[in-house]
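The sequence and the structure come first.

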Amino acid sequence: MTDTDIIVVGAGPAGSCAAIAAAKAGKRVVLIERGPFPGSKNMYGGVIYPRILDELIPDWFEHAPIQRWIVRRSTMLLSDTGALNIDYRSNAWGQAPYNGATAYRPDFDNWLAQQAVAAGAELICSTTVTGLLRDAQGRINGITTDRPDGDLTASVVIACDGVNSFIAKDAGLYKAVDASNYTLGVKETLSLPKNVIDERFGVRDNQGVDIEILGGTSGVNGGGFIYTNLDTIALGVVLKLPKLSAQKKRPEEIIAELKRHPAIAPLIEGAEVIEYSAHLIPEAGLDMMPKMVADGLLVAGDAAALCLAAGIWLEGVNFAMASGMYAGQSAVQAITAGNTTASGLQSYTKKLNETFVLKDHKKLRKIPHLVLSDRVQHKYPGFVTGIMERMFRVENPHPKPGVRRILREERKKAGISLMDLVRDALTGLKGFG
Ligand SMILES: Cc1cc2nc3c(=O)[nH]c(=O)nc-3n(C[C@H](O)[C@H](O)[C@H](O)COP(=O)(O)OP(=O)(O)OC[C@H]3O[C@@H](n4cnc5c(N)ncnc54)[C@H](O)[C@@H]3O)c2cc1C
């Protein structure tokens, strides 16, 4: 007889959704979090796409602690002085059932964990899981913690302990760590009055804006983001680790340079930095994913490298919530069937393969590499903004130069061969599905 049916390690979005799914099905669930409360240690850029919650908490949007509903989605390409912004607006996204929202993680994660408690899970905070317990056959059957007498046994352990999962590594599910699979996400939270944010970003009430940025990272491969909360702005950069360590600038200097860019400075003028945070992102998608199932163990969310970081998309929370929910459901199924070995838990990987979780990763497999490649990072922003500059600059008495000439000349100026341009365009077209 085990102490409980299911132990979930980590009360982030993956862990809480695993716990909700399993507790709702009537299983005994213990959800363990190292922070003093769920979300206390968690950071991200700031946008959640919570559609997947419809299945688990149908009226989530009436209760979730949301800052703003995203109605504008922009992709900005920055050269040193220029900017091209592709801006899409849909006011329908500001109404139920909504599309995406900004939220503070301490609020959101805590709220989500309380849904697990309401469903019957036991939440234990300020407790760090320090290792896995195994039975005589080597099958995982529990955890050790940093509490005195803190060992706990269970039929299934679900590892939702985030990027660099200690549990998944302890279980031998990861290959050797490769730094080039990770980016460092660094964020400033900037305080501004709500009416100023509304005016600068062209929104009202609780409408919000999501801006993804390519370029503007001081020559370090990566990207940037700006998201609006009610009376703060989240501004940050995501930096490829080996490229970051190969140069001298510190992440805070790179953020400072982004903030001085002529297209960004007016948006944040007068804002006060009230928070600075940093966290790793598993960026390489399918190429770095571990095995997600072992005897008595499932791995979900960032712990399984399921974050989708594909240029114009940075989605980790929805992938974490979905994979957590499927892990919780599979654990229940396996326990009910009396087979919690790896083969008994295979319905988890089947579910990931059948849904957006792995389908999106497979479809977009080449995109993280393409977007973070030197050419896209260092040549294309100047190439594209150069085209725009020439298209819209009026040089009378000279006539307009014509698009083909501009393209040819700007491509040469940027140092991009025709072959590379065609190759990248095809990879992009194929990669974006
Ligand atoms: C700068 C940045 C910007 C991002 N922007 C976005 C965005 O805008 N939208 C989006 O969807 N995603 C974004 N992401 C990705 C997103 O944050 C993650 O994909 C998501 O948080 C993964 O959720 P998770 O539950 O798997 O892991 P986490 O959120 O990391 O949660 C893991 C939990 O486990 C706990 N834990 C860890 N180890 C232990 C242990 N040994 N014992 C007990 N508890 C433990 C932690 O305290 C934590 O609560 C961003 C990430 C970064 C770094």
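In this predicted model, helix α14 meets helix α15 through Lys 379, Gly 382, Phe 383, Gly 386, Ile 387, Arg 390 and Met 391. On the α15 side, the residues that take part are Ile 406, Leu 407, Glu 410, Arg 411, Lys 413 and Ala 414. By class, this contact has six nonpolar, two polar and five charged residues. Helix α14 covers residues 374-392, and α15 covers residues 403-414. The crossing of these two helices is right-handed.

From α10, the contact uses Ser 323, Tyr 326, Ala 327, Ser 330 and Gln 333. Helix α11 contributes Ser 347, Tyr 348, Lys 351 and Leu 352. Four nonpolar, four polar and one charged residues make up the contact of α10 with α11. The crossing of α10 and α11 is right-handed.

The geometry of the two pairs is set out below.

| Helix pair | Axis distance | Crossing angle |
|---|---|---|
| α14 and α15 | within 9 Å | roughly 145 degrees |

In total, 39 residues surround the ligand. The closest are Gly 10, Gly 12, Gly 185, Gly 301 and Gly 316. Sorted by class, the shell has 17 nonpolar, 15 polar and seven charged residues.

Turning to the chain as a whole, the protein contains 16 helices and 19 strands. Its radius of gyration is 23 Å, close to the 22 Å given by the globule rule for 433 residues, so the chain is as compact as a globular protein of that length. Along the principal axes, the C-alpha atoms fill a box of roughly 90 × 45 × 40 Å. Of the 433 residues, 48% count as buried.

How much of the contact total comes from residues 24 or more positions apart? Among contacts with a separation of 6 or more, such residues account for 73%.

Key. Residues numbered from 1 in each chain as written. Predicted model: local features only at pLDDT ≥ 70, side-chain atom pairs only at ≥ 80, totals over all residues. Helix = DSSP H or I, 4+ residues; strand = E, 2+ residues; numbered from the N terminus. Rg over C-alpha atoms; globule rule 2.2 N^0.38 Å. Buried ≥ 20, exposed ≤ 12 C-beta atoms within 10 Å, placed from the backbone. Contact = placed C-beta atoms within 7 Å. Axes fitted to C-alpha atoms, helices over the stretch in contact; angles between N-to-C directions. Left-handed = near helix turned anticlockwise from the far one by under 90°. Nonpolar A, V, L, I, M, F, W, Y, C, P; charged D, E, K, R; others polar. Near = placed C-beta within 6 Å.
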